[in-house]
Amino acid sequence: MKRQSTFVLAQLASDGDPTVNFEKAKRAVAEANEKYKPDLMVFPECFMSYFSDHPPREVSLATAQHLDGAFVTGMRELARQYGHWIIFGMNEAVEDPEDDRNYNTIVVVDDSGEIVSCYRKTHLYDAFGYKESDNMKPGDKFFEPIDTPFGRIGLFVCYEVRFPEVARYQRSRGADIIIMPTAWVRGDLKSQHFNTLIAARAIENTVYMVACDNCGPMFIGESVVMDPMGVTIAAAGEEEGLMCAHIDLDRVERVRAKLPAYKDRRPELYTI
């Protein structure tokens, strides 16, 4: 296992057309490979297609694809071509033809282009006047952390950072790094919430938090990577771009040795 790895976050605005977004991904992956030679690239939540102009419901839902569709197939080929892992968000078509919702899905692809894991967002964003559950069907299980050449990775999506139990589940299954694709909507105090919650999840679980955000008119951008002490090691502004961060597993071990909060839990005393 590599003790030090390079992650690149592709903070990009999504179009409603998956073809347009795939071409944007191709350019981003090529640029990242030339500049950084990453071990892993992360794209935002719902990267495959997102409409910022609120078209009729049937228009946005019609962009959904299955895991063997053109968008995922193309992203798998990019991972194979450039030889690094890619994590990205998509609108996945549901299995039930009578259900007109989509899944908000994150796909994890390895450096040979194989799908290693998928996660369907379980906690939908029904907050701040928005109701994601009108269009999205929630998943029914958490992401199970996976072993990779650069550490054991956990994952959750956007709004789920507000639920400590989700991150704790990842840590309880051995995660050293938690990936958080997101489309964090602009609003009062939203930037403060974003950074505070990510820092809290990093510190209380002594993990790296890797949050890749959408950007554009609706979203704050501000993608960030925080280390297990909550120290920001890479941060973006509000505009499109690539952000590079170096992940050090030895840092995880050193922090856990002096801050054994997870080990010192007393779950027999906790109630939910």
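A salt bridge, as I use the term, is a side-chain nitrogen of Lys or Arg within 4 Å of a carboxyl oxygen of Asp or Glu. Keep that in mind. The model here is predicted.

Start with Glu204 and Arg201. Their closest N and O atoms are 2.4 Å apart, so the pair is within the 4 Å cut-off. Both residues sit in helix α5, residues 190-205. They are three residues apart, which means about one helical turn separates them. Glu204 is partly exposed, at 27% relative accessibility. Arg201 is buried, at 6%.

Why can such pairs form? Side chains of opposite charge can pair when their charged atoms come close.

Next, Arg251 and Asp227. Their side chains form a salt bridge at 2.9 Å, N to O. Arg251 belongs to helix α6, residues 249-258. Asp227 is in the loop between β10 and β11. The two lie 24 residues apart in sequence, so this bridge ties those parts together. Arg251 and Asp227 are both buried.

Now a longer link. Lys121 meets Glu45 in a salt bridge, 3.0 Å from N to O. This pair connects distant parts of the chain, 76 residues apart. Lys121 is in the loop between β5 and β6, and Glu45 is in the loop between β2 and α2. Lys121 and Glu45 are buried too.

There is also a network. Salt bridges link Arg3, Asp250 and Glu253. How many salt bridges does the structure hold? The count is 21.

Last, Ala62. Look in the loop between α2 and α3. Ala62 is exposed, because its relative accessible area is 61% and the cut-off is over 50%.

Terms used:
Residues numbered from 1 in each chain as written. Predicted model: local features only at pLDDT ≥ 70, side-chain atom pairs only at ≥ 80, totals over all residues. Heavy atoms only, no water. Helix = DSSP H or I, 4+ residues; strand = E, 2+ residues; numbered from the N terminus. Buried < 20%, exposed > 50% of the residue type's maximum accessible area, 1.4 Å probe, protein only.
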